[in-house]
Amino acid sequence: METKIIESLPLSCVRTLTASCIEKLPLETIQKLDVGCLSNLSSIILNKLPMETITKLPPKVAEKLDVAIMEKLPVSTIEQFCVANIERLSPDTIAKLGIDTIKTLSVECLETLDPGTLKKLPEDILAQLNPDVIEGLPFSAIKDLPLENMRSLPVAVFNRQKVEDLVTLPLEIIELLDIRVLSKFPPEILQQLPPSITMLLPAEIITNLMPTLLLLWMSAR
């Protein structure tokens with residue numbers, strides 16, 4: 001059927017035609033069709049439609065569009081995409097999604113996100129990340145990780161934190177800290193350290209701790 005003839009038909013008739021026929025029409029005509037009709041068209045045609053029309057498409061149709069267009073869609077639409085298509089998007093776009101959506105993504109995808117986004121993830125997911133990625137997280141996220149994950153991090157990550165944060169760590173991690181850092185710890189924490197570490201502390205600290213340490217060491221015998 002001639003394109004000009006099709007264009008002259010009422011939209012109610014145009015929408016009954018095959019997708020291949022409709023796709024030959026001008027975009028001005030195509031964008032007037034209802035969503036049900038548009039959903040049957042190829043992504044090549046849909047990519048050319050104005051955003052006002054594209055935003056009306058069902059998520060299952062919209063997720064087949066070019067990434068540059070997908071990223072302009074509302075968050076509520078993107079969150080209904082399948083995981084594979086969400087992972088096609090840029091880290092900046094993914095970061096705008098809800099945490100319930102983000103935590104369903106693969107570890108490989110998560111590792112491309114910024115620390116500000118990653119810190120919102122639950123500990124069991126953070127624990128799966130590469131140590132190099134975990135190292136860049138805020139300390140508030142690191143301190144709640146399983147001991148095994150904390151041990152995999154460079155000690156320097158902990159040495160540069162504030163003492164008031166470090167005292168909340170497991171003793172197994174505190175024992176690894178630099179002596180200069182440990183020297184700032186309160187006595188009640190230092191008293192729990194093994195003698196091999198305590199004896200490396202500055203003399204004035206050992207002197208202050210000595211009465212308590214002697215009692216602890218003698219009771220341990």
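The model is predicted: local features need pLDDT of at least 70, side-chain atom pairs count only at pLDDT 80 or more, and totals for chains, interfaces and linings use all residues. Residues are numbered from 1 along each chain as its sequence is written, and side-chain values use heavy atoms, with hydrogens and water left out.

Of the 221 residues in the chain, 35% are buried, where buried means under 20% relative accessible area, exposed over 50%, and partly exposed in between (1.4 Å probe, protein chains only). Among contacts between residues at least 6 apart in sequence, 4% join residues at least 24 apart, a contact being heavy atoms within 4.5 Å.

The largest nonpolar core has 63 residues. Such a core is a set of buried Ala, Val, Leu, Ile, Met, Phe, Trp, Tyr and Cys residues joined through side-chain atoms within 4.5 Å. The residues with the most contacts inside this core are Ile94, Leu110, Leu118, Ile142, Phe158, Leu182 and Phe185. Apart from its neighbours within four places in sequence, Phe185 is in contact with Val163, Leu166, Val167, Ile174, Leu177 and Leu190.

The structure holds one aromatic pair. It is formed by Phe139 and Phe158, is edge-to-face, and has a distance of 6.4 Å centre to centre with 85° between the planes. Rings of Phe, Tyr and Trp (its six-membered ring) pair if their centres lie within 6.5 Å; planes under 30 degrees apart count as stacked, over 60 as edge-to-face and the rest as tilted. The pair links distant parts of the chain, with Phe139 in helix 18 (residues 139–142) and Phe158 in helix 20 (residues 155–159), 19 residues apart. Both Phe139 and Phe158 are buried.

Three salt bridges are present, each defined as a side-chain nitrogen of Lys or Arg within 4 Å of a carboxyl oxygen of Asp or Glu. Asp100 and Lys103 meet at 3.5 Å, N to O; Asp100 is exposed at 54% relative accessibility, and Lys103 is partly exposed at 36%. In the bridge between Lys143 and Asp144, the closest N and O atoms are 3.6 Å apart. Lys143 is partly exposed at 32%, as is Asp144 at 41%. Arg180 and Asp178 meet at 3.1 Å, N to O; Arg180 counts as exposed at 65%, whereas Asp178 is partly exposed at 27%.

Zero disulfides are present, a disulfide being a pair of cysteine sulfur atoms within 2.5 Å. Cys21 is partly exposed at 26% relative accessibility, and Cys37 is buried at 6%.

Asn208 is found in helix 26 (residues 203–220) and is exposed, with a relative accessible area of 64%. Asn208 and Pro187 are 21 residues apart in sequence and 8.6 Å apart in space, C-alpha to C-alpha.

Notes. Helix = DSSP H or I, 4+ residues; strand = E, 2+ residues; numbered from the N terminus.
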